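Welcome! Take a moment to look over the model shown here, and then we can walk through it together.

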Amino acid sequence: MFEKFHVVVIGGGTGGLCLAQGLRQAGVSVAVYERSRTRTERLQGYRVHINPNGCHALHTCLPPALWERFVATCGEPGGAFGFVDEQLRELMLLAGELPPGAVRDPACAHHSVSRITLHQVLSTELDGIAHYDKKFERYERRDDGKIVCFFADGTTTEADVLVAADGANSAVRAQFLPGAVRVDTGILAIVGKLPLTGEVRRDLPKRLYDGPNMVMPPRGCGMFTAPHVLGDGVGENDVSAELDPVLFDNTGSYVMWAYAAARGRYPDASRLADLTGAELKSVIAEMIQGWHPALSRVVAASPEPTVTMLPIYTSVPVDAWQSTNITLLGDAIHSMTPFRGIGANTALRDAELLCGRLVAASRGELPLSQAIEGYEREMRDYGFAAVRASARSAEQFVSENAAGRMLYKGMLRFFNAVPPLKRRVFAD
Ligand SMILES: Cc1cc2nc3c(=O)[nH]c(=O)nc-3n(C[C@H](O)[C@H](O)[C@H](O)COP(=O)(O)OP(=O)(O)OC[C@H]3O[C@@H](n4cnc5c(N)ncnc54)[C@H](O)[C@@H]3O)c2cc1C
């Protein structure tokens, strides 16, 4: 016995679009409402790391041709993940810690992808499903249980199931779960990207363009660097001419970097939000004085429009709520710090799980209410575990505990020296 229902997704970002792709493929009625006027407004120009969870979700939800396009537009598989000190001395390298001979199936691999390109893939073939320039403002529940959504342009739409996929400042969550809040971690990150030309490659140590690196000075701050290396002809630059051509270019290779420290470490933190890219670069130059000169060169040579400051927030895990036909996914419920690179992957995992449950309900395999309740129970477990893990990573990244960091670095060196142990500990 098939159950017919219409799913309305608020927010056409990573998680919302993946869910829409999966539902559309399975023949479940779905519509996405996104506040941006165009597909490319509000995008970030940096790369995103997609891990095996995210990959699995994309493989499940995307139609085969779009999955192929996703794989074809990923950055080239990089070299080892490096843990290095501020002089770029190796602490530990993680390279292929899979059991020997394990098949590297692209559907359960790690990928570097341009956020713009990922969005292009996710929003393909959604004509008539994805609606732009639709800023959700509030909802009302009708007597028959249907949800009416109200948009800023005065229009409305009706849903049997409403999914909040509207990101960290979710307007749906604010109304549905007003007690679920986000807090400031007190950490400020400054990020930028350096186009990887032949000349830049010649000038940089290979480690900086061969694979991602966690740069660990003695205490108080850290830097993450990651190359995004594209083969010729990968990526399709369809971003609007109003956007910065370097920051939003998704056809070229680059090294992305992010420096972070607690607010109090910066010379005049309250002014950072008003600084230009050039001024932010000078701040970083001062903060990393005495580090390996190549790191200073990466920052100095990064084009100014690519350099921005991000205050780091995290959600606070909430207790279970009464399940209804309104649910949430991704940053709308469990936004986390970017320190583990798992926010988008967790949003994609939500999309895959919720999609599977809704499809099963549409086929009459379980009641809709049970489908949503089961999704929420599982999602809260791994979603808030990810929030806690990323908050711990953020604390460690900026920790002032020099002795603790020294110990940690010693541990990394030890694992590096005993490959079988390293394989066992870091296999996943
Ligand atoms: C610098 C940085 C680097 C990161 N790197 C990684 C990484 O490598 N790997 C990783 O897994 N994660 C990473 N993340 C985290 C990741 O970007 C987010 O967790 C992910 O985008 C969340 O996806 P989402 O679909 O929940 O929300 P989003 O992708 O933010 O989408 C929400 C959408 O909702 C729309 N919206 C908002 N309000 C409304 C409204 N009222 N009405 C209609 N639409 C609305 C927005 O315009 C947006 O399109 C990073 C984050 C940052 C800041």
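How many nonpolar, polar and charged residues does the shell around the ligand have? Keep in mind that this is a predicted model. By class, the shell is made up of 14 nonpolar, 13 polar and six charged residues. In total, 33 residues surround the ligand, and the closest are Gly11, Gly13, Gly167, Gly330 and Gly343. Helix 11 is the top contributor to this shell, giving four residues. Each element in the table below supplies at least two residues of the shell.

| Element | Residues |
|---|---|
| Helix 1 | 14-26 |
| Strand 3 | 47-50 |
| Helix 10 | 331-334 |
| Helix 11 | 343-362 |

Next, have a look at helix 2, which spans residues 52-61. Its buried residues are Gly54, Cys55, Ala57, Leu58 and Cys61. Viewed down the axis of helix 2, these fall within an arc of 160°, so they line one face of the helix. An α-helix has 3.6 residues a turn, so residues three or four places apart point the same way. Among the elements that cover the buried residues of helix 2 are helix 1, strand 3, helix 3 (64-72), strand 6 (111-114) and helix 11.

Finally, step back to the whole protein. It is divided into domain 1 (6-77 + 95-182 + 315-392) and domain 2 (184-313 + 396-400), and their C-alpha centres lie 27 Å apart. Domain 1 brings 19 residues to the contact, and domain 2 brings 23 residues. On the side of domain 1 that touches domain 2, strand 6 and helix 4 (115-122) each supply at least two residues, with helix 4 giving the most, three residues. By class, that side of domain 1 has four nonpolar, eleven polar and four charged residues.

Key: Residues numbered from 1 in each chain as written. Predicted model: local features only at pLDDT ≥ 70, side-chain atom pairs only at ≥ 80, totals over all residues. Near = placed C-beta within 6 Å. Nonpolar A, V, L, I, M, F, W, Y, C, P; charged D, E, K, R; others polar. Buried ≥ 20, exposed ≤ 12 C-beta atoms within 10 Å, placed from the backbone. Arc of directions from axis to C-beta. Contact = placed C-beta atoms within 7 Å. Domains from an automatic or database assignment.
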